[in-house]
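The structure comes first, and the notes follow by topic.

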Amino acid sequence: MSSKHRSKPKRLDSSNSKAVNSPSSSTTSSSKQFLETSIDGLSSPASSSVRSKPQYFYTENLSYKENVTVTVRFRPLSPREIRQGEEIAWYADGETIVQNEHNPSIAYAYDRVFGPTTTTRHVYDVAAQHVVSGAMEGINGTIFAYGVTSSGKTHTMHGDQRSPGIIPLAVKDAFSIIQETPNREFLLRVSYLEIYNEVVNDLLNPAGQNLRIREDSQAIDSTSMINAFWMLVMLVGNCTDNALQGVNSIGWFDRWTRLLHDAFICLCLKGGGGGAAVVWVWVWLIYWIALLNLDFKCLASGLRIFTVFKGTFVEGIKEEVVLSPAHALSLIAAGEEHRHVGSTNFNLLSSRSHTIFTLTIESSPCGENSAGEAVNLSQLHLIDLAGSESSKAETVGVRRKEGSYINKSLLTLGTVRP
Ligand SMILES: Nc1ncnc2c1ncn2[C@@H]1O[C@H](COP(=O)(O)OP(=O)(O)OP(=O)(O)O)[C@@H](O)[C@H]1O
């Protein structure tokens, strides 16, 4: 459920699988229910055809050292499904195997499989907590719920008062970790958006509709441009100075750039801002690269180093600083009010959009010896995807249009590679 690299699902002969003995040993498990959550559509049991020989699918190197883990959670049958005489197709066989009810020769292995009696708290502790604590230590993390409509994604990610989901549990955990880490100071910011019919809307700001997605280099702001100017002046000064060294042993350009450099430090100190200090470090670094006679090459490399990398980001999204779990949860609740939800044949409250709740975590050491220590910056993305729907479902009008956008985006997600 956390991401950096995707583990390749692998099909194995039963003799190679560590789960070989499972199918026959516990096929009578009473926890036979619908398949709910998977982040990897490639290995979805629902897409498999019946095979004559036993086939096992598993994720290589099953351990939390993996950058991507896939967890499956089954939900219990709803009273309506029981009334309608729905039948169970897949069930959890042990802690890692999903078994086909009608054809015991088909089974899949995942990092972890949870039966229908498992609580969300337990799912969180086993499958999500390590991603949250990693994010608090500076490692980016993503947890998302993927599955067909009505399989229990929103129940797992958001939950309710009685059974809080992974998002509220993660928020509370983040603040607990802050309390247990007195030697660091933290700043937490949250944003919350939805993708509805391929349009990005800010759930924390009703005016933030149809936002644009941007890449890196657009992120340089005006302050950065001013700083870039200073850097450029110094680089040109040094490069030109190097060129003139042969005819002018005095090195007047060197003196000139040193003067500018001193003036810049004065400006930084006067402003007193941490941002200025960071910029100064960069300028100082580039300055010395220039002094090391890298000539004009340093200009290009200097500019490249200077670029502020924000990755992919949503332009104009509102970010709120949060000071307590209650504050963060109230923002989520307010955002939920704006999310697109609708009734379908399968789910009275079906999510019609994908939502991304992002916790941005900045932390730095505090105390006397902390001056000059690096600031950790990481993001935790908690995502509740809309559910895939069969094109044969009897949906019409708006619901049908939404369904086609949902399916299209989920198919695209399946093609994403790191
Ligand atoms: N583990 C569970 N235990 C009990 N009830 C559950 C569980 N998981 C889901 N449900 C119930 O099943 C119904 C459908 O769940 P949910 O709305 O979370 O599905 P979903 O996958 O988010 O659907 P959609 O993709 O249509 O939004 C809800 O009534 C929910 O309360």
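Glu-315 and Arg-212 form a salt bridge through their side chains, with an N to O distance of 3.7 Å. The pair links distant parts of the chain, 103 residues apart. The model is a predicted one.

**Salt bridges of Glu-315**

- Glu-315 sits in the loop between strand E13 (313-314) and strand E14 (320-322), while Arg-212 sits in the loop between strand E11 (199-202) and strand E12 (213-214).
- Glu-315 also forms a salt bridge with Arg-214, where the closest N and O atoms are 3.1 Å apart.
- Arg-214 belongs to strand E12 and Glu-315 to the loop between E13 and E14, so this pair ties together parts that are 101 residues apart in sequence.
- Glu-315 has a relative accessible area of 32%, which means that Glu-315 counts as partly exposed, since that class lies between the cut-offs of 20% and 50%.

**Other salt bridges**

- The side chains of Glu-81 and Arg-75 meet in a salt bridge with an N to O distance of 2.7 Å.
- Glu-81 and Arg-75 are both buried.
- The count of salt bridges comes to 11.

- The side chain of Thr-149 has an N or O atom that is 2.6 Å from an oxygen atom of the ligand.
- A polar backbone atom of His-155 is 2.8 Å from an oxygen atom of the ligand.
- For Gly-387, a polar backbone atom is 3.0 Å from an oxygen atom of the ligand.
- On its own the ligand has 630 Å² of accessible area, and the protein covers 75% of that area.

**Shell around the ligand**

- There are 15 residues around the ligand, and those that come nearest are Thr-149, Lys-153, His-155, Ser-350 and Ser-351.
- Sorted by class, the shell holds 10 polar, three charged and two nonpolar residues.
- Helix H4 (153-157) and strand E16 (350-351) each supply at least two residues of the shell.
- H4 gives the largest share of the shell, three residues.
- Domain 1 (1-118) and domain 2 (130-214 + 313-418) each contribute at least three residues to the shell.

Conventions
Residues numbered from 1 in each chain as written. Predicted model: local features only at pLDDT ≥ 70, side-chain atom pairs only at ≥ 80, totals over all residues. Heavy atoms only, no water. Near = heavy atom within 4 Å. Polar contact = N/O pair within 3.5 Å; in protein donor to acceptor, adjacent residues only side chain to side chain. Areas by Shrake-Rupley, 256 points an atom, 1.4 Å probe, with all protein chains shown as cover. Helix = DSSP H or I, 4+ residues; strand = E, 2+ residues; numbered from the N terminus. Nonpolar A, V, L, I, M, F, W, Y, C, P; charged D, E, K, R; others polar. Domains from an automatic or database assignment. Salt bridge = Lys/Arg side-chain N within 4 Å of Asp/Glu carboxyl O. Buried < 20%, exposed > 50% of the residue type's maximum accessible area, 1.4 Å probe, protein only.
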